[in-house]
Amino acid sequence: MAVPDSLTVAQARRITLAAQGFTDPQPGAAAGMRHLRRVLSRLHLIQMDSVNVLQRAHFMPLYSRLGPYPAALLDRAAYRRPRELFEFWGHEASLIRTDLQPYFRWRMARAGEFAWGNMRRIVAEQPELVAWVLDEVRERGPITAAEIEHDAPRSKDHWGWNWSVVKQALEWLFFTGQVTAAERTSSFARRYDLTERVLPREVLEAPAPADPFRHLVELSARTLGVAAEPELRDYFRLPAKVVKPAIAELVAEGTLLPVTVAGWKPQAYLHRDARLPRWVRARTLVSPFDPLIWERGRTERLFDMTYRIEIYVPKPQRVYGYYVLPFLLGDRFAARVDLKAERRTGELQIPAVWREPGADPEETADALAAELARLAGWLGLTSIGVPERGDLAGPLAEALKREPGVP
């Protein structure tokens, strides 16, 4: 693209959406591994979370970009050979492209600095426990923490070896890269195995790069399109002290181009391969754990939308709802909708739905009704409930009555 000295917010928004894959065609049910790889080549990792009120978090970014794709594709990529993804700490707990594993060995090697307190305490105070757990994984893996705990020694010398400390020992071994997730159980528990038995040999034998941070910052810039330093740091949760030198090097070589964005206080950097489309015609729901909205300050600057996850907010204090998904229509968020998949009855429930300022109520309701019908079908739900509250509840209820795709 021709390099401008400055960007409007609308231009920055379209650059971001293109870089994140929202201008790519959506194959839906026809999606295959090449489509999944296309998304992964843009995002590099997908955040995981145990909340399952609608759908597990790691399945949703692919849905937002591919449409109602076969969810088994992601399980195959993550837990079947040849593995395209592995679990590790990227942006929180994540599924990361397997070829990037060498670029995260710095975090494994510096676990004593970055791992949280319980893990460090276990390895310092009970190294024999950590060694025993590693032996259990070596002899019996793939294995869950609960299965190891069930057979833990019960003598007076090991009075503290309960599930909690076994789990902490496993987390230390996971953080240091000695074990990894071979698969997940139906209840979402990890089955651990030795990393050498899970990851491809060519990945394990690849040398650790001398400077992984420059490459990770470049990947962050590529997937964000245009971003400020805090967001480049946040994408892979990199130490602050390594990001500024990496940005300086990338600017010096011309990979990152300093630009101004109207209304932004921080310095912005445009990736040289970023694309500025004339328009974005998206129509999709975006999960609370989507990389498009990870950094909330950036979300406010790009979309003029203040967004917070209210899962951990007491119910009387929630503003929008428990599990609220922004609705992307064109290049703007037009609404936000609280959703729940009631699997017992097969109903997609809508506890609340709210219109964003400036969005047309009828147009938004019609587009959202079509999207909810698509989502319900993908989730295998057989009906959609009546919206319960929110300033878009009435228009959406009428639109759902008109939507032919509503089950």
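Two strands count as paired here if DSSP finds at least two bridges between them. The model is predicted, and the tour has two stops.

**The sheet**

For one of the bridge pairs, show Leu 45 together with Ile 96, its partner in strand 4.

The three strands make an open sheet, with order 2-4-3 and antiparallel pairing. From one strand to the next, the twist averages 35°.

Now select residues 72-79, helix 4, which packs on the sheet. Helix 4 touches strand 2, strand 3 and strand 4, and its direction makes about 80° with that of strand 3.

**The helix pair**

Move on to helix 16, residues 361-379, and helix 17, residues 393-402. Their axes come within 8 Å and cross at roughly 55°. Helix 16 and helix 17 are therefore oblique to each other, and their crossing is right-handed.

To see the contact, show side chains in two steps:

- In helix 16, select Pro 361, Glu 362, Ala 365, Asp 366, Leu 368, Ala 369 and Leu 372.
- In helix 17, select the residues they meet: Pro 395, Leu 396, Ala 399, Leu 400 and Arg 402.

Colour this selection by residue class. What does the contact of helix 16 with helix 17 divide into? Nine of its residues are nonpolar and three are charged, with no polar ones.

Technical notes: Residues numbered from 1 in each chain as written. Predicted model: local features only at pLDDT ≥ 70, side-chain atom pairs only at ≥ 80, totals over all residues. Heavy atoms only, no water. Helix = DSSP H or I, 4+ residues; strand = E, 2+ residues; numbered from the N terminus. Axes fitted to C-alpha atoms, helices over the stretch in contact; angles between N-to-C directions. Contact = heavy atoms within 4.5 Å. Parallel < 35°, antiparallel > 145°, perpendicular 65-115°, else oblique. Left-handed = near helix turned anticlockwise from the far one by under 90°. Nonpolar A, V, L, I, M, F, W, Y, C, P; charged D, E, K, R; others polar.
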